[in-house]
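Trainee: I'm new to this one. Could you walk me through reading it?

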Amino acid sequence: MKQQLLTLLFICVAAMGVHAQRAVTGRVTELSSGEPLIGATLTVKGTTTGTTTDADGRYSIRVGKDADVLVVKYTGYRGQEITVGTRSNVDVAMEQNAELIDEVVVIGYGKQIKSTLTGNIVKVSGDNVKAMPVVSVEQALQGQAAGVYIESTNGKVGGAMRMRVRGVGSINAGTEPLFVVDGIPLAKDARNTSGADMNPLADLNFNDIESIEVLKDASAKAIYGARGSNGVVIITTKSGKSGKSRIELDLQTGFTKATGRRDFLNSKEYIELFTEAANNADDLEGVPYDDPNSWTEFVFSRFRRYDGHTNWEDRIDQTDWQEEAFRTGRVRNASLSFSGGNDKVRYFASGNLGLNEGVLLSNELSKNGGRLNLDFDATKRLKVGVGLSLARTSTRQVSNDNAFSTPLQLVALAPFTPKTDEDGILYDRPVTTYYNGLIDIEDGSRKVNTFRTLANISGEYTITEHLGLHMEGAANLYNVRDDASFGERTENGSASKGYGYSAFAGATDYNANALLHWDQEFDAHALGLDLGTEYFTSENTRTYVEGEQFPTDDFKTLASAASIKAGTSTITNYSFVSYFGRARYNFNRKYLLNLSARVDGSSRFGKDNRYAFFPAASAGWVLSEEGFLKENKALSFLKLRASWGVSGNADIENFLSQGLYNAGTYNGSSTLNPKQIANPGLTWEKSAELDFGVDFGLFDNRLSGEVDYYIKNTTDLLLNVPVPASSGFTNQFQNIGKLRNKGLELVLNSNNFSGAFSWTTSLNMAFNQNEVISLANGQTLIDDGSNMNVVKVGESIGTFYGAAYAGVDPQNGDALWFVNATDDNGNIVDPTATTNDFSTANFVVLGSPMPDVIYGLDNTFSYGGLTLNIRLQGQQGNQIQNGGGQFMSCNACWFDNQTRDQLDRWQKPGDITNVPQARLGYTNGAETRSSRYLSEGSYLRLKNVTLAYDLPARWFGKNGFRDVRLYATATNLLTFTKYDGWDPEVTTDYLADNIIYGVDFYSAPQPKTIVFGLRAGF
């Protein structure tokens, strides 16, 4: 009986002990911002029971008694010990200390704390881009990320942007990074029909952005496999946070002007130069094509034609055509957001309106949109997220650069030509030298409307304390509507009594992924495993119809056209299916290892190579945690990184691997005509990249930074190569060719002063060398014969290739070129030999449009409520070709108005100058493929200046205001450059592709924008 009582007592005590075990949940956040801290460790003091916080900073841990103490630790923050008591929910707000702050970065399909990162990821906070008075997110990023080259092709508002991560990665496939917004991949294909390519990312609202991460090295981007070769840009929008609701209002108003001007001849100089050019031409053999007497008579007849109702002999400036092209544009932006929530439901909602008038007449973009992000805990185990974004942009376009109707080609007109006749009607040919582009603005219209819907839903299910399942589905619906009409006086409508077209392009993308993730710590060991799958499909449609012969110019739609001239419609689609996995391990946050692999299949490739495998591995060693460095007072943090991986490029046209036919007609019957030979072996371009990096912090992290060296070898380049004529075709796309990018990146951050007055500095620099290693079948050069940019083995993509200009013969004023004849070994025989016959000058490499170094420097000063931020951005070592020089700087070869430097022409024997003798009707040195029109393209730009004042909180009392900021922001305020064109950041929009860089052809300069703003929080 006694034994039975003891047994019963033991069972009761054990049961009480079991019953005493209970779960405690909560959230660990940063004290000042309320941001969740991912990976914070919590242990029950004196036991081995522990856990870590998840991506939302949440945790769950079991305790045994009310007196148990939770020990909370997070690198860079002061540790805390908290007695649980009777509470079942314990939230922890942690305060930063002087140690390294462990920033959270977004990685592919997840998040990770930066100290355990083994890849290279640049994080740009949303605070660094919001309120920027620019149109696209790429413009806002410019100068803020090491190794990321960003260029606006010109200053037209809403125009295409070019972004290159660690160099140009392909010749024929895509070179843009993959953009992912809240897990939704976005294509950067321009889908507009009129004018130059537009930027499809212009509809994003900067104030919605929480952070931007750029995945640069193979370890970081290989998880995206076939789509990650050119880097990955992950944009995360804001979400609601538990706590008091917040309303934020941001208002901006300002103006924009062109950053630069060119100097052109006035009327007196124009008449003097062209009269001299005609006289010089009369001394040569030949007469004008439409005047049998002399060039002098011909030029005077042109002067009489160009003067309209005025008298050219008065030599009075009638019109400044350059100023007619430019204007001072208005900038108006407004954004309103609401956010808040509780432990169950969090929300973020926003709306925005904007207007950006360009620096060119009649060029403007307006946009509006709204966003709603919801997160809610459906159950204790299931969290659901829903996101919806609606955006609309409306752009009034102008022609591309290579059209007389584009505003900047007005500079070709004679300065003594009046803009209008005596009745106020715009002059056109024959009074104007060429078509008067102002007529297009008055009687023509190009409007492009875009509509985008982004929608996603996600679920996070906690299977166990360490195992979870994340599933996500998303849709991107993007539609572009082009409507253009041209009156009877316009260049497009003059031959057909008016002309118009209407086009519709649509893209419907769906993306779904599922990720099983497991994370657990075992004493000093931390292990994470991810296993996922993804499916993406895209359908693209296009419809186009054009008509002519309208009753009057008042009728703008095709319903009024007497003749429907043409029409077509197309549909195409492609898809990806992917399987991927990743393993993360660290020992005591000291030794780090990351392995990943992805298998991608794409409908774009041949049936023999439809799938590809993309592995990656990286490792890190935090030396500052070693005993021999841990007590070092100067060294706060030191980590060595190394990574290797393979990524792919699937950004090619659909159906390149298949045999294709064109539909046609023969004798009134439908036919099929062979168009493309099949290549079932067509496969992915692959980039294998090796990266070595160092992350460091000194003097309590007052000085910190990163240094990276990388080599990226791209193989299986997609080239269009000749095939035997017996095949019935001339060319076929094949995987032949190699390309290499290698470079060095440096990032330095310093906290120069802290306290009442603070000053921080951030510097980033990147050196990249791009080199074509091999082409098809021993080929050494790809040259289209018309542009100076070529692909040449041993040189960078787009290198300038042509005749080396040698100046002017001082005896007769002839233009000279270096002969550059070579021996059998390719060595130049006589580097001093010259010729006045352009056709006998051998082409050589003349320079590169690619900069040797790109950089950004950011300084922020704060005192009291005042904050001043100054950002510099620039590049060094590149050259620019003035593609319009053959017209505007050709020593009066024809009647285009000339740049003022042409007044330095040769006039008499013995003159030493670089401008040949002026000869009307003769190309004396005006050949475009010549170094005469190359100049240094380096520049330093005062990219952004923001002066802000935060009103003291005591001013508001209890009137509902939380904070108020007044600010003024200027972009592109000053530019320092030796380039004498409109602006050194340029690639003409009608040529821009993978090979053409650094060509200026009547391209609009970048806008200088100044705005004044108010931001208020409630």
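Trainee: Which cysteine residues form a disulfide here?

Mentor: This is a predicted model, where local features need pLDDT of at least 70, side-chain atom pairs count only at pLDDT 80 or more, and totals for chains, interfaces and linings use all residues. Residues are numbered from 1 along each chain as its sequence is written, and side-chain values use heavy atoms, leaving out hydrogens and water. A disulfide is a pair of cysteine sulfur atoms within 2.5 Å. Here cysteine 890 pairs with cysteine 893, with their sulfur atoms 2.1 Å apart. The structure holds 1 disulfide.

Trainee: What is the torsion about the S-S bond of cysteine 890 and cysteine 893?

Mentor: About -85 degrees, so this disulfide is left-handed.

Trainee: Are cysteine 890 and cysteine 893 buried or exposed?

Mentor: Buried means under 20% relative accessible area, exposed over 50%, and partly exposed in between, using a 1.4 Å probe and protein chains only. Cysteine 890 and cysteine 893 are both buried. Across the protein chain, buried residues make up 54% of the 1018 residues.

Trainee: And where is valine 707?

Mentor: Strands are DSSP runs (E, at least two) and helices are runs of H or I (at least four residues), numbered from the N terminus. Valine 707 sits in strand β33 and is partly exposed, at a relative accessible area of 31%.

Trainee: How many helices and strands does the protein chain have?

Mentor: The count is 9 helices and 52 strands. As for overall dimensions, the C-alpha trace spans about 140 × 75 × 70 Å along its principal axes.
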